[in-house]
Amino acid sequence: MVSPVLDDILARQAGAEGPLLPILHDVQAELGCIDADSEAAIALALNLSRAEVHGVVSFYHDFTATADPRPCVELCRAEACQARGVEALVRAAEAAAGSRVSIKTVYCLGLCSVGPSARIGDALYARLDEAALVTLVEGA
């Protein structure tokens, strides 16, 4: 069964050129995940195979098959942030998060010159040290 939210997302993107990624981002944001039923409905709406849709969903780290109700702190662990000391901050962030907050590794938030960096929702944070990152995690 397709949800009314998914129906609305598909209707908004009807006729758009290259709608798959915008649809997937909207579904992830509004439903919290892209489950198998959503993949099938998206595939049908776009005249794609479910395998094609699943291939995109499984390729990108932004998309998940199950919803996680916890707040998420995305921590950049790409080379530039590693060079700026992010690895020394990971243990403290995980300790502050416990089981209440999800710490998700991402590779590049585009703030390479001002790392270590993190993202919570659409907000970006740069020049993080241990205290600043712990404060972010605790406030998430």
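How exposed is D8, in terms of relative accessible area? D8 is partly exposed, with a value of 38%; in these legends buried means under 20% relative accessible area, exposed over 50%, and partly exposed in between (1.4 Å probe, protein chains only). The model is predicted: local features need pLDDT of at least 70, side-chain atom pairs count only at pLDDT 80 or more, and totals for chains, interfaces and linings use all residues. Residues are numbered from 1 along each chain as its sequence is written, and side-chain values use heavy atoms, with hydrogens and water left out.

**View 1. A salt bridge joins R12 and D8.** A salt bridge is a side-chain nitrogen of Lys or Arg within 4 Å of a carboxyl oxygen of Asp or Glu. Here the closest N and O atoms are 2.8 Å apart. Both residues belong to helix α1 (residues 4–13), and because they are 4 residues apart, about one helical turn separates them. Helices (H or I, at least four residues) are DSSP runs, numbered from the N terminus. R12 is partly exposed, at 43%.

**View 2. R12 also meets D26 in a salt bridge.** The N to O distance is 3.4 Å. This pair links distant parts of the chain, 14 residues apart, with R12 in helix α1 and D26 in helix α2 (residues 20–31). D26 is partly exposed, with a relative accessible area of 23%.

**View 3. E30 forms a salt bridge with R12.** The closest N and O atoms lie 3.1 Å apart. E30 is in helix α2 and R12 in helix α1, so the pair ties together parts 18 residues apart in sequence. E30 is partly exposed, at 43%.

**View 4. Salt bridges link D8, R12, D26 and E30 in a network.** The structure holds 7 salt bridges.

Key: Helices (H or I, at least four residues) and strands (E, at least two) are DSSP runs, numbered from the N terminus.
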